Amino acid sequence: MSNTDTTVDESQAEYFDSERLYRIGLYVVMYGLAALFFIPYWRMFQLSVTPMKFISQGGFHLVPPEITFAIWKRYLIEEPIIYQWAFNTLLISSITTFIVLVVDSMIAYSITRLEWPGRSIVLGVIMASFMIPGYVNIIPLYTLINDLGLINSYWAIILPFAAGPLGVFLLVQFFRDIPKELEEAARLDGFSSVRIYTHMILPLSTPILTALGLFVFIWSWNQFLWPLIVLNDDALFTLPIGVVTLRSVNALSPNLIMTSLALASMPLFIVFLLFQDKLISSVQMQAGTG
Amino acid sequence: SGLTGGGGSDSDNSGKSGDVNVDYWMYFGAQEKKEMTELVNEFNKKDNGIHINAQSVPFGSFLNKLFTAVNSGNAPHIASYYASYGRHLKPITDPIDDYLSSKSKSAYFDIARENTKIDGNTYALPIDVHGKGLYTNDKVLEKAGVDPDFSDWDSFSNAANTIKKKTDARPFSFINWKAGQAAYRAYIIALTQAGGNVLTGEPGDYKVAFDNEKGMQTAQLMNDITGKLGWDSQKFQSESARVEDFVSGKLGMFIAGTWSINNFENENGEIPSDLSFTFKKPFMFPGEGDNVAWAESNSLYFPTNSNHTEEEKKAAVEFAEFATQNNTLWASAGGHLPAAKSVATSKEVKNTKLWTEFDTISTMYEMVKDKQVRYQPRTGIHINSDKFWGPFIDMYLHNTSVKKGVKNSATSLQQALDRQ
Amino acid sequence: MSNVDTSTTAGRFGSIREQVGSQSTRQLLAGLLFAAPYLLLFSVFLLYPLLKGLYMSLFEWNFLDPSQSTFVGAANYARLLNDPMFWNAFWNTIQFVAMTVPLILVVSMVLALGLNKELKGSRILQFIYFSPYVLTVSVVGIIWLQMFAQNGIGTLLLGWLFDGSPLNSKFWAMPVIVVTTVWWQSGFYFAVLLAARQNVPSRLYEAARLDGAGPWRMFWDITLPHMKNAVLFVLVASTIFQFQIFGQPYIMTKGGPAGNTQTLVLYLYQLGFETRDLGFGAAVGYTLLAILVGVSILNYVIVGTNNE
Amino acid sequence: MMLMGSISIHQVRKEYDGDTGTVTAVDDVSLEVSDGEFLTIVGPSGSGKSTLLRMIAGLEDITGGSIRIGETVINDVPPQHRGVAMVFQNYALYPHMSVRKNMSYGLKLTTDLGSDEIRRRVEETAEMMGIEEHLEKKPNNLSGGQQQRVATGRAIVRQPEVFLFDEPLSNLDAKLRLHMRTELQRIQNELETTSVYVTHDQTEAMTMSDRIVILRDGTIQQVGTPEEVYARPTNRFVADFIGSPSMNFFDVSLQGTTLAAPSFEYDISSEWAQQIRENGTSDEFVLGIRPEHIEATADQSAPIRARLDVLEHEGSDNYLYLSKGDDEWTVRVDGNVRYDSGTTVALDLPAEHIHVFDRRTGENLLLRERPLQERTDSSAPA
Amino acid sequence: MMLMGSISIHQVRKEYDGDTGTVTAVDDVSLEVSDGEFLTIVGPSGSGKSTLLRMIAGLEDITGGSIRIGETVINDVPPQHRGVAMVFQNYALYPHMSVRKNMSYGLKLTTDLGSDEIRRRVEETAEMMGIEEHLEKKPNNLSGGQQQRVATGRAIVRQPEVFLFDEPLSNLDAKLRLHMRTELQRIQNELETTSVYVTHDQTEAMTMSDRIVILRDGTIQQVGTPEEVYARPTNRFVADFIGSPSMNFFDVSLQGTTLAAPSFEYDISSEWAQQIRENGTSDEFVLGIRPEHIEATADQSAPIRARLDVLEHEGSDNYLYLSKGDDEWTVRVDGNVRYDSGTTVALDLPAEHIHVFDRRTGENLLLRERPLQERTDSSAPA
Ligand SMILES: Nc1ncnc2c1ncn2[C@@H]1O[C@H](COP(=O)(O)OP(=O)(O)OP(=O)(O)O)[C@@H](O)[C@H]1O
Ligand SMILES: Nc1ncnc2c1ncn2[C@@H]1O[C@H](COP(=O)(O)OP(=O)(O)OP(=O)(O)O)[C@@H](O)[C@H]1O
Ligand SMILES: O=P(O)(O)OC[C@H](O)CO
Ligand SMILES: [Mg+2]
Ligand SMILES: [Mg+2]
């Protein structure tokens, strides 16, 4: 009981010094990375307000020598197709989110709370479909959508998306953790199955429903390939594909393109700002690490 | 209605009840779209019982969407596409000779009219004839003190070398746009002047013809511009880099379309006042071949759809005639030479800056009149695809050797033709 | 309890008769009703296309008139094996995944470990790190395209490396797409790893401090073993997702230069929606599926044995 | 009316389909609970206590047998119509509803009482439970004890014929548990509603119940009053389970009239020896005696001796933890009796308190000999 | 050598930056722990027990004051060099390392012992803790009790000068807790290493320690042997905290020499009355008496009477829960004494056992009068 180290005295000073150094280094690294991460945003905004004459001159400006909001004005006021796109995207995302929340919570409730034979097999099949990457299916799905006459319709975007297993997976996990006793107490109190779903399960699941909803919303908002394939009419476009066509149609000016990008990303940035914690926690729920 | 499709529209949407409704898909953008929309609105204002419902479909997926729409029975009555794609579109479009007014049969430039016919049947009406020429930045030329003869390679290359020496601008770019299609069209111009062909043979039995010496030489020339000759850079920083360079005086000359003038506009929609340029016939390439330039027509096709009534088909053609024969706007702002002779030479067109000042439309008119333009081969395949011409961009930027590039391009093109 | 409420009693006996009937029948009925809407969506829009894809891949599929399709058996698959375009896309995709996945892991791990410490402004940092993830691929692609354009900052800073736009360089185009993807995706995995890191009981670090472990040892002996599952999630999820890369090359390079950024899904897209070679496209899709299922199973086996 | 709250359980079975075949959670249990009785079910974890309770409640289907409440077989009656109310271990309060709503919901759905009447009942019950001030709060804002009161209140307000409790106190800390225990007892005294109470805490069972059921692996080991199960455990399992600290057990073999353990020998009468031999299945037995029945004597000549490891004081008792070889002893002595650790203590085992069990079957071989002791005498159950 | 394990805590403070300003977790604590002593820190949740312990361990910076171990001020010494080992509440075993690695990890990192020597030490310790068979297992595969043993073993193997325990038993169930308690005592007897033991269970503190520190809101309320804090609590808080069931308290006012509660009156000597008056800050006091000190008399003329609500039997004692008006009584009587619920019981409060506290400050006003009782007498702490 006597093997105290004799190096105690030297090491203590070092111990606290290196602690401080370590923290300084940490700040440098983390803020440095943040700066790197930020560059693209800054570049986007900077270009969007730089007049064409400076852009075509080339050369590099940290801050543009002259600033113009002509393009912002043009998109926001004179050519508001971007509003139409934003509205379309909002519509698609909202409906998708709504359907996912309702339909997925129903089946998750059914699987976790109601006893019927084969439900574990059904769950197994749904979970296995997790492995199927969305794009593998595009060709047959496309012929299906075509056969159903849904090309150029929002349902073509909404329905296949709502068939995805993510929501079922998350909600099943969550519903499983709602104490069974709550439901049993409710049954003793005379709740029917529907009432348990609407008055117990749903209110108790608001956190996960919000998180899932946000996530589905953002995913749906950001869909690119599929809407590109099934939508034909630029008045029906979503923001993400609209923005790309702006680029190939109006072609040139980087300031024009960057303004449209900034406009296209704005709505989700605001959503993210408002719901940062919820969104991040939903990411974590997906990974089962939250 | 938004959810079930077909809802949105670029033109005034509300047709009167009882009107014949005609759907019209177009891929135009920017100025072109503006002018076309105006034409549609003008037509809709007429009290003729027809309502045109115009929708924009992005160019990149236009063909694909059109095929799908026909396939799923949702095709519009009218669709815009290139006139030389008639053979490719034939399986999904209908001929319109039965509906065509007699006036229309002689309204267009012959070359344009002929190009819309397949086996004697009319499949489309041409809106315009547009082609590629040589744009020169006059300030750069002045600075270098050159004024070459633009129909002779030696003279042209001397001038180019002088520009290279005397200014810090690059003299000449073969392409304006980093896209296979741009390379293809420029290549056709040079190849034709060299006496070569892209394809030979008859429809249904086309053979690739540029994988020979002439084709290879022309490709080599193209490759030299960014290589040995050092006239242009091997960098292509963005798709629009050449246009930006041209506008800012870093590029002296380049090959681009009549409509490319729209790309010179700044964020306020104006051509920069300090930019002075000219549009020339691009007949400076070496060789013993014909001095003709590549040309194309935006046209209106009539996709197959068993749901379309006779009345609608008639109305569709009526609109197409209107839109192709009353489109002075198409020249003034869209930058194209109208395909209808009377329109092309109308006062309104001749009074535009494009005719009087920038020379794009006037030059184009001359070339058409003088039969100095030629359409590309009309194949059954989507011949403009990057799949075939991507290698030319790679060659131009020295990512591929000329030999390999030409071979790749030729092989895949031949394969596609055979598969047809 | 002598005053048992009569209404209770009446209610009780009154409704016994109506409610008699097996509980399990009622549960079965309710269960199926609740499950039906999703199952319908699932079977129509997921299961059916999956099977149809397999079917289509056995045909020379006629787009305009499917009834005219000719059965070719495994010919599409044979063609695929001899298709240099497929193999090019395949190897490009593998290259992309092999570069992107480890980079994402490292970057997101550094971000997570750094942000686990209490830093001033950590909410803002978290916002910045995560925010690219909420962008759509088109925005991401175009911004990064611009970063390496003529006067793009990337070109200016790193131009000496690749002489011109890296997106024109056979060597650099893919790395730029990789970096773009890392910027876009790391935030997601950062959030996952951060949560995993925060779930490591702090008591363990205290015990380790008393045991004399330094930061490095703690990382290897405590942090990493605890985050093992999260790290595996990152690896598997990002591998599967990155295998499906489409948007970035579609927007930034169109698969060029010289086909060097052509990827499987991009090829799939071109086959299906440009060439309309649907049968062959379906075969490519199924091959991609087989690869991904293989990756998942491989992972399952590795995780399975690791968790012994 | 008198029979309303009686429960009659007849050969009830419950099987679950587990991953590895069928699990029999409750195995052929028969039991009568009379109206107003307070019956406790104890047993180790997994012994089927909750399952049995939940079958009475209607939360589990009954695989075999029948259960009556009053006159009615309730096997197929849905839970809300069985006239039972249940208090769960973790209270199962609806977290998103106020206390008032928690308490009134059942009344609203299962009776046709007017809302005024419901209000009155809820408030009356809340007052009885001392939670009238918290009626508008959400359960999460209440302490554990208060939540427990709400849960009990929610059961009471429905005025059921039977209360079912599933370990209602186990989430509370020691002091509060003690308090709520007496409170529950007070309430049951007042309402006289038939109650079935599940716990795995034998102290709770011994102090609260009229009768105790000891379950093990889904079968009843013994049913009896606290005094009975304490003094006359039918087998070693019950003897071990009931009483705290547990009974001391020693592996012995019977040699003549001597029970020989590794570290001591103990003589019994020849009648007992014979009885043990007759009933036993082999020569291997277990000798059992409760800590409170062992006498630590001054008489250093006593045959059984062991070394004191630790002495602990509890209430007015001292507990001695002793050992000799592999045999360990726990002995309860008076708080005045004092020993130092390390000293050797002599022990005496009064014959009237020893139990002998068959080592294989665990059966109590001297059951007949064990008189039922009065609960309040000095060696009563702990 | 003798001083090596002594701890000297001098005016130690700990402040945390909370969301709502600074939180003072430990407030000016001074304390001497002598070598080999077993000191227990008790107090309610949030009183600063863990914080104080963790400052000794080096897991928290010390905001003010100093701590010595042996001769060295260890404020700035990193934890691994303080010669302390700690057992955590949830054991903090490294879950992915075998028991053997768990135990040897610290030795490997902080000493230059050869691997043979480490192996020997680990196995020796494992044997001592009875976990030698589990050395190759992962902690998750062990029961709670075994994990506790590993955690303790991991501390022991390092042969520290000071053991620190932070509620090491609170994750175990009642029976196991009792068992491990005696085991820890046995080990500490054997090793004689200075130990600081944090718990909020006063029974643990009373049975295990040489001395007890009672903390409240970061300040020391009292330091003393178990006997001292039981018999001579410096204030109402200590009196309430120590002893189970808790002391009975009644709000009283002093009228002449009579302490008047709502439901009874109690006469005290005039000297006491005077002393109370002099030391008190007002006329409001609290009368306190432990359940075991109240005498339930047959003498029905006794002045204090209350109605019996519940009687509970525990060990060889009966606990009576009585009430009169708002005053509630808990009384411990002999197990033989028997009452029926509902009867009225007469109570006597021996003067030598009553405590009077200032109602505002809580100070024990009769501290001087309270003799230190022997621990083993019949009214010892429970
Ligand atoms: N839903 C179920 N499915 C399968 N087996 C079950 C189920 N519920 C309980 N069991 C099994 O039935 C047996 C009895 O369980 P039960 O919950 O009744 O025990 P218990 O005595 O209440 O235990 P505890 O004291 O832990 O609450 C156990 O073996 C348990 O594993
Ligand atoms: N890291 C911290 N940051 C801020 N405040 C803290 C921190 N750790 C403890 N505290 C506060 O310090 C006070 C003392 O906490 P401490 O953990 O020492 O209490 P404790 O007596 O050990 O309680 P318990 O019995 O619940 O373990 C509490 O008010 C607590 O909220
Ligand atoms: O179309 P998205 O937005 O799903 O893009 C997917 C990416 O291309 C995969 O890396
Ligand atoms: Mg249970
Ligand atoms: Mg603590």
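Predicted model: local features only at pLDDT ≥ 70, side-chain atom pairs only at ≥ 80, totals over all residues.
Local features were considered at pLDDT of at least 70 and side-chain atom pairs only at pLDDT 80 or more, whereas totals for chains, interfaces and linings use all residues. Residues are numbered from 1 along each chain as its sequence is written, chains are lettered from A and ligands numbered from 1 in the order in which they are written, and side-chain values use heavy atoms, without hydrogens and water.

Among the 8 pairs of chains in contact, chains A and C share the most contacts, contact being defined as heavy atoms within 4.5 Å. Chain B does not touch chain D, the nearest C-alpha atoms of the two being 37 Å apart, and no contact joins chain B to chain E, for which the closest C-alpha atoms lie 49 Å apart.

Within chain A, the axes of helix 3 (residues 70-78) and helix 14 (residues 254-287) come within 9 Å and cross at roughly 50°. This makes helix 3 of chain A oblique to helix 14 of chain A, since angles under 35 degrees count as roughly parallel, over 145 as roughly antiparallel, 65 to 115 as roughly perpendicular and the rest as oblique. Residues contributing to the contact include A:W72 and A:Y75 of helix 3 of chain A and A:L263 and A:M266 of helix 14 of chain A.

The residues around ligand 1 (those with a heavy atom within 4 Å) include D:Y16, D:K49 and D:H200. A polar side-chain atom of D:S45 lies 2.4 Å from an oxygen atom of ligand 1, while a polar backbone atom of D:G48 is 3.0 Å from an oxygen atom of ligand 1.

How values were computed
Axes fitted to C-alpha atoms, helices over the stretch in contact; angles between N-to-C directions. Helix = DSSP H or I, 4+ residues; strand = E, 2+ residues; numbered from the N terminus. Polar contact = N/O pair within 3.5 Å; in protein donor to acceptor, adjacent residues only side chain to side chain.
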